[in-house]
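Please consult the sequence and structure shown here alongside the text.

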Amino acid sequence: MSITVDKKASDELKSILSEKNINTDTLRIFLSGMGCSGPMFNLAQDEAKDSDLKVEFEGLNFVVDKTLVSQYDGFEVLYVEQGDMGGVYVQALNVGESSGCTAIAVADKINKNNLKNRKIY
């Protein structure tokens, strides 16, 4: 259970902080919402707290509440490229069955199987 950061993500974050004149070396991983793909995480400028796990990578400190680390088995901060676009992405190592649409997808599958041999008007 930890935080891992790839070098390209670290370099991109340093570049963004510099461009926006944000003078910090500490970024917090936080739960920013839930969606069909499960929990979404983001980064924000913050200070470390006693309840945090703290990892330093190339001059940046990444902090996250230990409760989140325990719940999701840790995090990866990655630079992801798709086509001609790219950006920093925070990914939990284990989201389990926490997807917001998992229950809907399972229910749809059950309903389709139950209705398979029935005529629908």
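**Largest pocket**

Strand E3 supplies eight residues to the lining of the largest pocket, the largest share. This is a predicted model, in which local features need pLDDT of at least 70, side-chain atom pairs count only at pLDDT 80 or more, and totals for chains, interfaces and linings use all residues. Residues are numbered from 1 along each chain as its sequence is written, and side-chain values use heavy atoms, without hydrogens and water.

- The lining comprises 21 residues, and Phe-41, Asn-42, Leu-43, Val-88 and Val-90 lie nearest the centre of the pocket.
- H1, E3 and E7 each provide at least two lining residues.
- By class, the lining has 15 nonpolar residues, six polar and no charged.

**Strand pairing**

- E2 (residues 26-35) pairs with E5 (residues 60-65) in the parallel sense over three bridges; pairing requires at least two bridges found by DSSP.
- E2 also pairs with E3 (residues 38-45), in the antiparallel sense over eight bridges, and the two form a hairpin with two residues between them.
- Arg-28 stands opposite Val-63 in E5 and opposite Ala-44 in E3.

- Beyond neighbours within four places in sequence, Leu-43 is in contact (heavy atoms within 4.5 Å) with residues including Leu-13, Arg-28, Phe-62 and Val-88.

Definitions and conventions: Helices (H or I, at least four residues) and strands (E, at least two) are DSSP runs, numbered from the N terminus. On a 1 Å grid over the protein atoms alone, a cavity is a set of points where a 1.4 Å probe fits but cannot get out, and a pocket is an open set with protein on both sides within 12 Å along at least five of seven lines; lining residues have an atom within 4 Å of a point. Ala, Val, Leu, Ile, Met, Phe, Trp, Tyr, Cys and Pro count as nonpolar, Asp, Glu, Lys and Arg as charged, and the others, Gly among them, as polar.
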